[in-house]
Amino acid sequence: MINNRIMRKSIIYIFAFIIAIAVPLQAVQAAAPATLRYGDSGVDVPDLQFRLKTLGYFTNDAVTEFYGKLTEDAVRRFQADYGLKKDGIAGEDTWNSLKKVSANERELNLLARIIYAEARGESYKGQVAVAAVVLNRLQAPGFPDTIEGVIEQSGAFTAVDDGQYYLQPDSQSYCAAIDALRGDDPSKGALYYFNPKTATSKWIWSRQQIVTIGNHIFAK
């Protein structure tokens with residue numbers, strides 16, 4: 001496994017790169033990615049590398065358009081950890097699994113934005129927990145199957161409705177997003193959270209409460 005120092009270094013490079021390019025929210029979703037293997041090049045390669053980088057598998061400082069040895073090794077490690085055929089080829093099964101647990105540049109921006117909008121006054125643990133709720137919904141039935149869909153689902157998050165979602169997130173929000181993507185879940189599997197001081201919905205109080213972090217109760 002990659003040590004914490006290297007992981008933190010890769011996090012710094014990721015959010016610094018994202019802040020610099022400021023990917024607009026209205027960016028168009030890419031088409032279905034191609035099957036990629038050693039020696040390939042093209043626009044899907046940096047997307048693959050970026051996703052692997054958010055999870056700590058791809059350790060090169062910058063993403064490229066070439067599928068070299070570092071990318072192949074990163075894919076093999078990901079495949080091994082997720083029970084896939086360890087062939088180093090990014091085919092349909094690998095892409096499908098990767099998209100369920102990772103984020104591309106745009107998605108990481110969106111995740112950081114919702115963290116900043118919903119929890120910038122909370123502890124770092126509370127911020128990671130908010131991101132984890134988004135990712136838990138991604139895996140759960142009854143919710144959209146993309147990070148964007150989960151976050152922007154009608155009525156799902158107050159910060160989307162009141163416009164705070166469009167504020168520029170800080171570096172801590174990106175770190176919290178990446179920690180959640182790498183499996184940190186202080187919410188303990190929660191699908192919802194709410195502030196008991198401001199919640200007016202009777203329905204949210206009916207949910208099974210799991211843990212309280214700062215001003216938020218996390219629930220299933």
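## Confidence in the model

The pLDDT is the predictor's confidence in each residue, on a scale from 0 to 100. Here the chain averages 88, and 86% of the residues score at least 70. Where pLDDT is low, the predicted coordinates should not be read in detail.

This is a predicted model, in which local features need pLDDT of at least 70, side-chain atom pairs count only at pLDDT 80 or more, and totals for chains, interfaces and linings use all residues. Residues are numbered from 1 along each chain as its sequence is written, and side-chain values use heavy atoms, leaving out hydrogens and water.

## A look at S173

Let us turn to one serine. S173 counts as buried because its relative accessibility is 1%; buried means under 20% relative accessible area, exposed over 50% and partly exposed in between, with a 1.4 Å probe and protein chains only. Leaving out residues up to four places away in sequence, S173 touches A112, I115 and Y116. S173 and A119 are 54 residues apart in sequence, yet 9.0 Å apart in space from C-alpha to C-alpha.

## Nonpolar cores

A nonpolar core is a set of buried Ala, Val, Leu, Ile, Met, Phe, Trp, Tyr and Cys residues joined through side-chain atoms within 4.5 Å. The largest has 52 residues, and L48, L52, L111, I114 and F218 have the most contacts inside it. Beyond neighbours within four places in sequence, the contacts of L48 include Y67, V75 and W95. A second, separate core of 7 residues includes A140, Y192, F194 and I204.

Key
Contact means heavy atoms within 4.5 Å.
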